[in-house]
Amino acid sequence: MAGHRSIVETERAVQAKLSGFQLQREQMAAVANIHRAAAAVRSHLENSVLRPSELTWTGFVVLWVLWIWGESETWSVAEEAGISKGTLTGIARTLESRGLVTRSIHPEDGRRVLLSLSPEGEKLMEDLFPAFNTEEAFVVSRLTVEECRQLADGLRAVVAQLEEFGEGRRRELLGGAEPAPRRSGRRPRP
């Protein structure tokens, strides 16, 4: 029966299972730990600082995008939040029903929709973000400031690699075919 496994237990099990394969183990560990760390951070933040505001991670990320960039078209918010437009539609409706987001029609094209923070959404982010940042500091408290800088730089390099070469690599792996449309996805705020 599977239950919660520590990162050390998981890495030992992976090593035992894959000992016969010739793999790039350091790279595998790096990518696996990006995923594990992102999931752990997301879970911690949702179940601590976001819970009193009844926000999901993705709801918070949408609010963050609008707080940083201001009024934006839905396609842009979805892209920045790392989610599909369909996922954004549901989240935006929920945030709008709570009075945190407003929706308006684009003045130049009635088919396009703009989202922005309401005054209540702006106040929520101003009140919530300092506590959110305190939890960010807690999450990385085992790292020095220099280690935090190095980690951030390393993660930026991963993102830059995919932004610059990821599309070409996907096409190469798919024999030139278009990748499947993105259904949903998540990524931490910048």
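**Entry 1: the outline.** Before counting anything, I noted that helices here are DSSP runs of H or I with at least four residues, strands are E runs of at least two, and both are numbered from the N terminus. I also wrote down that this is a predicted model. Counted that way, I found seven helices and three strands in the protein. Reading along the sequence, I got the pattern α-α-α-β-α-α-β-β-α-α. I then looked up the extent, and the C-alpha atoms fill a box of roughly 60 × 45 × 40 Å along the principal axes. Of the 190 residues, 25% are buried. I checked the contacts between residues at least 6 apart in sequence too, and 58% of them join residues at least 24 apart.

**Entry 2: the core.** Which residues have the most contacts inside the largest nonpolar core? I found Phe60, Val62 and Leu63, in a core of 29 residues. I traced where the core comes from: helix 3, helix 4, helix 5 (85-97), strand 3 (113-117) and helix 6 (119-139) each give at least two residues. Helix 3 supplies the largest share, with eight residues.

Setting aside neighbours within four places in sequence, I found Leu63 in contact with Leu55, Leu95, Leu100, Val101, Leu117, Leu124 and Met125.

**Entry 3: helix 3 against helix 4.** I wanted to know how this pair packs. Helix 3 covers residues 57-69 and helix 4 covers residues 74-81; their axes are 9 Å apart, at an angle of about 115 degrees. The crossing of helix 3 past helix 4 is right-handed. What meets what between helix 3 and helix 4? From helix 3 I listed Val61, Val62, Val65, Leu66 and Trp69, and from helix 4 Val77, Glu80 and Ala81. Sorted by class, this contact has seven nonpolar residues, one charged residue and no polar ones.

**Entry 4: the buried face of helix 4.** I looked up the buried residues of helix 4 and found Thr74, Val77, Ala78 and Ala81. Seen down the helix axis, the buried residues of helix 4 fall within an arc of 100 degrees, so they line one face of the helix. Their packing partners are helix 3, strand 1 (72-73), helix 5 and strand 3.

Why does Thr74 count as buried? Its relative accessibility is 14%, and buried means under 20%, so Thr74 qualifies. Leaving out neighbours within four places in sequence, I found Thr74 touching Lys85, Leu88, Val113 and Leu115.

Entry 5: My last stop was the loop between helix 2 (25-46) and helix 3, where I found Pro52. Is Pro52 buried or exposed? Pro52 counts as exposed, because its relative accessibility is 67% and the cut-off for exposed is over 50%. I looked up one separation as well: Pro52 and Arg103 are 51 residues apart in sequence, and their C-alpha atoms are 25 Å apart in space.

Glu54 sits in the loop between helix 2 and helix 3 too. Glu54 is exposed, at a relative accessible area of 66%. I marked its backbone as well: the phi of Glu54 is near 55 degrees, a positive value in a residue other than glycine.

Technical notes. Residues numbered from 1 in each chain as written. Predicted model: local features only at pLDDT ≥ 70, side-chain atom pairs only at ≥ 80, totals over all residues. Heavy atoms only, no water. Axes fitted to C-alpha atoms, helices over the stretch in contact; angles between N-to-C directions. Left-handed = near helix turned anticlockwise from the far one by under 90°. Contact = heavy atoms within 4.5 Å. Nonpolar A, V, L, I, M, F, W, Y, C, P; charged D, E, K, R; others polar. Core = buried A, V, L, I, M, F, W, Y, C linked by side-chain atoms within 4.5 Å. Buried < 20%, exposed > 50% of the residue type's maximum accessible area, 1.4 Å probe, protein only. Arc of directions from axis to C-beta.
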